[in-house]
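Biologist: Could you walk me through this model, a few questions at a time?

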Amino acid sequence: MTTTTLDTTAEEAGTLDDSKLRSVLGNRVRPDRPGAVSASLTFGWRAMLKIKHVPEQLFDVTMFPIMFTLLFTYLFGGALEGSPTAYIQILAPGILVQTVIFITMYAGMGLNNDIKKGVFDRFRSLPIWRPAPMVGLLLGDAVRFILASLVVLTLSLIIGFRPEGGVIGVVAGIGLTLVFAFSISWIWTLLGLVMRTPEAVLNTAMTILFPVIFASNIFVNPDTMPGWLQTVVDLNPITHLVSAVRGLMGTGAETSDLIWVFASSAALIAIFAPLTMRRYSRL
Amino acid sequence: MSELAIETKGLVKVFGDNRAVDGVDLQITPGMVFGLLGPNGAGKTTTIRMLATLLRPDGGSATVLGHDVVTEADKVRSRVSMTGQYASVDEDLTGTENLVMLARLLGFDKAGAKARAAELLDAFGLGDAADRQIKNYSGGMRRRIDIAASIVVAPDLIFLDEPTTGLDPRSRNQVWNVVRALVADGTTVLLTTQYLDEADQLADRIAVIDHGKVIAEGTSSELKASVGAGALHVRVSGPERAERAEQMLVDSLGGEVIRESDGVSLSARADDPTRVAALLTELSNAGVEVTEFSLGQPSLDEVFLALTGHPVEEETERVDEREEEAVR
């Protein structure tokens, strides 16, 4: 510890150089403002740097999916489908969707933290495309989504998942999941701007996500559920997303499921992206 | 087109039933350092945030460098910089990464961004700390990286919100040097402060703000003239002597004498330094032992007392500011 203190003092002594100061101020280079894509990518790069500096945050995109996949496969596999190997064929696409959708809520927490720390003031006072900080945040999240998908997929393959759709089907399934994840994230960005603490964002998001995730066809076939619940499950976009991903990774997706997924994604963006931006500019 | 760097007319911002900024009129000419002086919760930060396009005014109008802060916010943003009260940098990232990120967002290409970041870190004495995360920086270093972040593209106007609050004297001096360099370069500076001596050191003109209103405006010497040349602080060796001393101060200086809560410290307004010299001799002759004495500038409290007739109401105002923060 003593060494650290000494180091700090030494660096603290690194004084301001007046002539250098005047020269950096005199350097009045004023480049053209960057485009929307470039600004968003810069924020995406920031998200990557944060993963590099705080790798602990990857815990939830690696350990949780592993836990869930193993638990559900071996606890329920025999009872539900006769054997864990038979069950993983149905569960793998579902648990992939579940994993990715749960991670989306961290976008709201991250945003809320940025606002509390004050760094968002700086972003908001820059002459850049206004949604760039949010879009960049979601681009960074895409990397986490893909990582989590790969973890689930690899583990599922190891314990017996054999997707008939092959590489193309699997990639398409993950791609579709990312589209929906990107769309639903705008709910959390809005929450992140409105709520006072990251914990409040997390709690609210959990309260919304839990019933939505479980009242779906991820874990069981809805045929055995009471009629009213079947209606709920059938209206749940997650159900259609899971069906579509199963289809893509299997023998082919129903057009109606794909339409449901794209339509609900478009609706989520159309409603929550403008609300987020409105709130952002009036923060 | 206005020739003023900043002009506000009847600027208002309301949080709930708290009129945080209540009709502020300012006229700031280019190239000057303008100080907003006031206690916590007076409305300084809210005013500066509206001018930096971070908050929307609820009433009145404001132009910055000739552009309306609401309708032409983007034009304002491209020519000003803001350094907030809390370091507006990413604590998880290193100094270099923060500056490179901002340079990229301001349109520098990769190589240009890196060069600019290195140049800034060097000039601000942060070269050795360039690759450390900001969360490991000291308070003074944070302030410097924050200001460096504000001049990645040298702005025409810079807002500094309480740039030295919480800094040790050396770090404070460093920030003052930066402000002076900015001015020498022709940048207009609007800073807020709670310290009269800071406003005195840096600002060409000062507006004293309280309860969201400007209650006085002028140069530092004009303000001080309205308060009195200075404040005399005397500390005596015991409470029984303090009473005697208090009476002598009243007789000699004529004004109000404040006895501090410790019972042995006294302060009074002293317009005439020669009277003070005589008073010290009188105290000594009367056998009142003076253990400490100073003749200094009036404090913010004294300015406030003189201007408003009431002392700084710090506690209640702090609550307001916290509410304001929560609304953000």
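Predicted model: local features only at pLDDT ≥ 70, side-chain atom pairs only at ≥ 80, totals over all residues.

Modeller: Residues are numbered from 1 along each chain as its sequence is written, while chains are lettered from A and ligands numbered from 1 in the order in which they are written.

Biologist: How many helices and strands does chain B have?

Modeller: Helices (H or I, at least four residues) and strands (E, at least two) are DSSP runs, numbered from the N terminus. By that count, the secondary structure of chain B comes to 12 helices and 14 strands.

Biologist: What distance separates the centres of domain 1 and domain 2 of chain B?

Modeller: The domain bounds come from an automatic or database domain assignment, which divides chain B into domain 1 (6-225) and domain 2 (229-297). The C-alpha trace of the chain spans about 75 × 45 × 35 Å along its principal axes. Taken over C-alpha atoms, the separation of the two centres is 39 Å.

Biologist: Why is helix α1(B) largely enclosed, and which of its residues are buried?

Modeller: A residue is buried if 20 or more other C-beta atoms lie within 10 Å of its own, exposed if 12 or fewer, and partly exposed in between, with C-beta atoms placed from the backbone. Eight of the eight residues of α1(B) (residues 44-51) are buried, so the helix is largely enclosed by the rest of the structure. The buried residues are K44(B), T45(B), T46(B), T47(B), I48(B), R49(B), M50(B) and L51(B).

Biologist: In the sheet of six strands, why do β6(B) and β10(B) each have one side without a neighbour?

Modeller: That sheet of chain B is open and mixed, in the order β6-β7-β8-β3-β9-β10. β6 (80-83) and β10 (213-218) of chain B stand at the edges, so each has a single partner strand.

Biologist: What is the bridge partner of S81(B) in β7(B)?

Modeller: Four bridges join β6(B) to β7(B) (residues 157-161), and the two strands run parallel. In β7(B), the partner of S81(B) is I158(B).

Biologist: At what angle do the axes of α5(B) and α6(B) cross?

Modeller: Axes are lines fitted to C-alpha atoms, for helices over the stretch in contact, and angles run from 0 to 180 degrees between N-to-C directions; residues are in contact if their C-beta atoms, placed from the backbone, lie within 7 Å. The contact involves residues including R143(B) and I147(B) of α5(B) and Q174(B) and V178(B) of α6(B). The axes come within 9 Å, and their crossing angle is roughly 15°.

Biologist: How does that angle classify α5(B) against α6(B)?

Modeller: Angles under 35 degrees count as roughly parallel, over 145 as roughly antiparallel, 65 to 115 as roughly perpendicular and the rest as oblique. With axes crossing at roughly 15°, α5(B) and α6(B) are therefore roughly parallel.

Notes:
Pairing = 2+ DSSP bridges. Contact = placed C-beta atoms within 7 Å.
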